[in-house]
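Okay, everyone, let's get going.

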Amino acid sequence: MSEAIASPLLLEDGRGIPRSLPLLAALVEAEALSCAAAAANASESRPADSSLARAFLCCCATTTASRPAESNLVRSFRGGAAPKVPIRIFLERIHLLTRSVPSARGMVRIDGTCFVLAGIYLTRFIRSGAGRDAGILVEPATVHRLVAVAVLLAAKFGGHPPKKWTRVFQDSSEGAIRAEEMVGLESSFLRAIDFRLSVDSAGFDSFCKVLERGPRAPSAGGGCTSKKRQADTAAGEDGERRHVRARLLLPAVLSN
């Protein structure tokens, strides 16, 4: 990952906050708001288009009104209470609090790479068969727990695991994410992505570009629904063209 490590997203500000942190926060918050807006609008079958929806292959495929009955996976990531803390503040608290938590290798210092990896893991989770079958969305009720587990795994895979992460997440969420939840959430997340934590340089660099682009403004045509209509229209037009060509070629065939 030598080329990816040179990414400007890994640079830190005066407080030591890497640039990748607010960019990831902006992306997931935009996705959560997009899903919430779609759920509130019963006339829409799909949420507005967003950058993270594109990265997640339109993860918010259905609203709460049309998706299947709530699964165990959805219930676990909704948990009890949904944290009220904005995602950016939540991630900044995690980043800063881990500096005061000892690890097996000394003091922990999560760098910008961790938040890029977290975004990649979150993408894999939403794209996974388990995630799709469950109909889980990046929405206000699930986003904090999904991001928390993704960051936890990114820190572990990066070789900086603190001894007691549970307290960090509990404090960062103002007690909404209970310490005892994290073990089960981590296990569910890992099984869903089939324990795929390795990321090559190309994948890392690709997601850095997603973060750099940032949230897309909702399209005027209605996002995924509009795209489906366009695709259906194009398919219909193509079929009509084939039908016309067949009728035009018929006399020539008969003449032979």
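So, where does Asp194 lie? It's in the loop between H10 and helix H11, the latter covering 201–213. Keep in mind as we go that this is a predicted model.

Why stop at Asp194? Its phi is positive, about 60 degrees, and it isn't a glycine. As background, most residues other than glycine have a negative phi. And is Asp194 buried or exposed? Exposed, because its relative accessible area is 57% and the cut-off for exposed is over 50%.

Now hop over to Glu174. That one sits in the loop between helix H9, residues 165–172, and helix H10, residues 181–192. Glu174 has 56% relative accessibility, so it counts as exposed.

Okay, next stop, helix H5, which runs over residues 87–97. Which residues of H5 are buried? They are Ile87, Phe90, Leu91, Glu92, Ile94 and His95. Note that Glu92 and His95 are on that list along with Phe90 and Leu91. And what covers them? The cover includes helix H2 (20–40), helix H6 (112–127), helix H8 (143–157) and H9.

Last one: Arg78, in helix H4, which spans residues 72–78. Its side chain makes a polar contact of 2.9 Å with the side chain of Glu139. Look at Ala141 as well: Arg78 and Ala141 are 63 residues apart in sequence, yet their C-alphas are 5.3 Å apart in space.

That's my tour. Thanks, all!

Technical notes. Residues numbered from 1 in each chain as written. Predicted model: local features only at pLDDT ≥ 70, side-chain atom pairs only at ≥ 80, totals over all residues. Heavy atoms only, no water. Helix = DSSP H or I, 4+ residues; strand = E, 2+ residues; numbered from the N terminus. Polar contact = N/O pair within 3.5 Å; in protein donor to acceptor, adjacent residues only side chain to side chain. Buried < 20%, exposed > 50% of the residue type's maximum accessible area, 1.4 Å probe, protein only. Contact = heavy atoms within 4.5 Å.
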